[in-house]
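Please look through the model shown here before reading on. The paragraphs after it go from the whole chain to single side chains.

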Amino acid sequence: MSHHSEAFVAFDTSKLRNAVAIAESGRTGEVRFLGEIDNTGAAVAKLVRKLAGNYQRLTFCYEAGPTGYGLHRQITELGHACMVVATSLIPKKPGDRVKTDRRDALSLVKLLRAGELTAVWVPDERHEAMRDLSRARGAAVEDLRGKRQQVSSLLLRHGLQYPGKKTWTKTHMSWLASRRFEHSEQRIAFAEMLLAVRQAQERIARLEQAIRAAVPDWSLCEVVTALMAMRGIDLVAATTFLAEIGDLSRFATPRELMAYLGLVPSEASSGDTIKRGGITKTGNRRARRILVECAWSYQHPPRLGRKKQEKVAAAPPAVREIAWKAQVRLSARYRALTRRGKLKTVAVTAVARELAGFIWAVSREVTTARAAAG
């Protein structure tokens, strides 16, 4: 056995091969590159068993990326600690312009030993499946947007403008179906574009139905139901947000959640000079985007629509109070900011930041009630 009882191991992962570096504990501990191994479960297990025979304690890490969480789960099942590192928060030297797998692995393992890395939250397999489903729906929405733009571009080139105010309604679709072009080639192209739009809409409907069917068996089902009592948040929005963020109880305060979502102002202060800029935009961009979309509904005065009343009634009384308090405060907040001359986008972003705090409060209420009942 090595004279060092602890070692740190870093993987620089890729599609086919993983570069591996190791650092022994202590400020003067040896740091060396072990080489590359195949990106397979058997190769990883063989390496872990070999290192476990030389060290009493092993800590592994690798960057979050397209390779997912399989490596983390395998190493954890083998009884060792493993950190999935937030790539955007890895310290980097401004003058370091050489990038190779070997250098990346060595740099990562040194930072791991120094405690300079930030871990991301790793979902379980069921939660990751819900995230994949919600992201598939998001990709379908982006695809529909692109296909609609193709139709609009074709109409614009031929000088055809819809006389109504709102597009992509049933009336607009009927108007599109009645358009006629001079050449058969154009008629075929236009018909194929409309067909692609309808197919994209059907795809979104299937995915949303799959989300509705999956939520009742999800561990965060109660939180989804509670969040739907809040204005601007429906089943899809609540599921998407929670699928990206996970259990909100891991945030000790609502400010931590706001900072994680990148909704807090950036700052560059020195001495007596204080300079604040736009939001940091760190963390999960999908969760931040869905939150901003929900925040747009607070530009209207507080009210409960007929459809929303059913969702509010399904939530616990304490959650209803939080949801109504959020409506009153955030609507007033939006109006106050716009009266001061703030752009609507800036006001909505500020509302989204406070909305994150109310979402955190709803989640804590549900978690507390569940713990008391259990």
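Predicted model: local features only at pLDDT ≥ 70, side-chain atom pairs only at ≥ 80, totals over all residues.

Residues are numbered from 1 along each chain as its sequence is written, and side-chain values use heavy atoms, with hydrogens and water left out.

The chain holds 13 helices and seven strands; these are DSSP runs numbered from the N terminus, helices being H or I with at least four residues and strands E with at least two. Its C-alpha trace spans about 80 × 55 × 50 Å along the principal axes. Of the 374 residues, 41% are buried (under 20% relative accessible area, with exposed over 50% and partly exposed in between, using a 1.4 Å probe and protein chains only). Taking contacts (heavy atoms within 4.5 Å) between residues at least 6 apart in sequence, 62% join residues at least 24 apart.

Charged side chains number 62 positive and 36 negative, and the centres of the two sets lie 8 Å apart. Lys and Arg count as positive and Asp and Glu as negative, without His and the chain ends; each charge is placed at NZ of Lys, CZ of Arg, CG of Asp or CD of Glu.

There are 17 salt bridges, each a side-chain nitrogen of Lys or Arg within 4 Å of a carboxyl oxygen of Asp or Glu. One of them pairs Glu36 with Arg17 at 3.6 Å, N to O. This pair links strand E3 (residues 31-38), which holds Glu36, to strand E2 (residues 17-24), which holds Arg17, across 19 residues. Glu36 is partly exposed at 38%, as is Arg17 at 33%.

Within helix H4 (residues 125-157), Arg145 and Glu142 are three residues apart and therefore separated by about one helical turn. Their side chains form a salt bridge of 2.8 Å, N to O.

Glu354 and Arg329 meet at 2.7 Å, N to O. Glu354 counts as buried because its relative accessibility is 15%, whereas Arg329 is partly exposed at 44%.

Helix H12 (residues 317-339) also contains Val328, which is partly exposed at 39% relative accessibility. Asp104 lies in helix H3 (residues 101-114) and is buried, with a relative accessible area of 17%. Leaving aside residues up to four places away in sequence, Asp104 touches Asp12 and Lys99.
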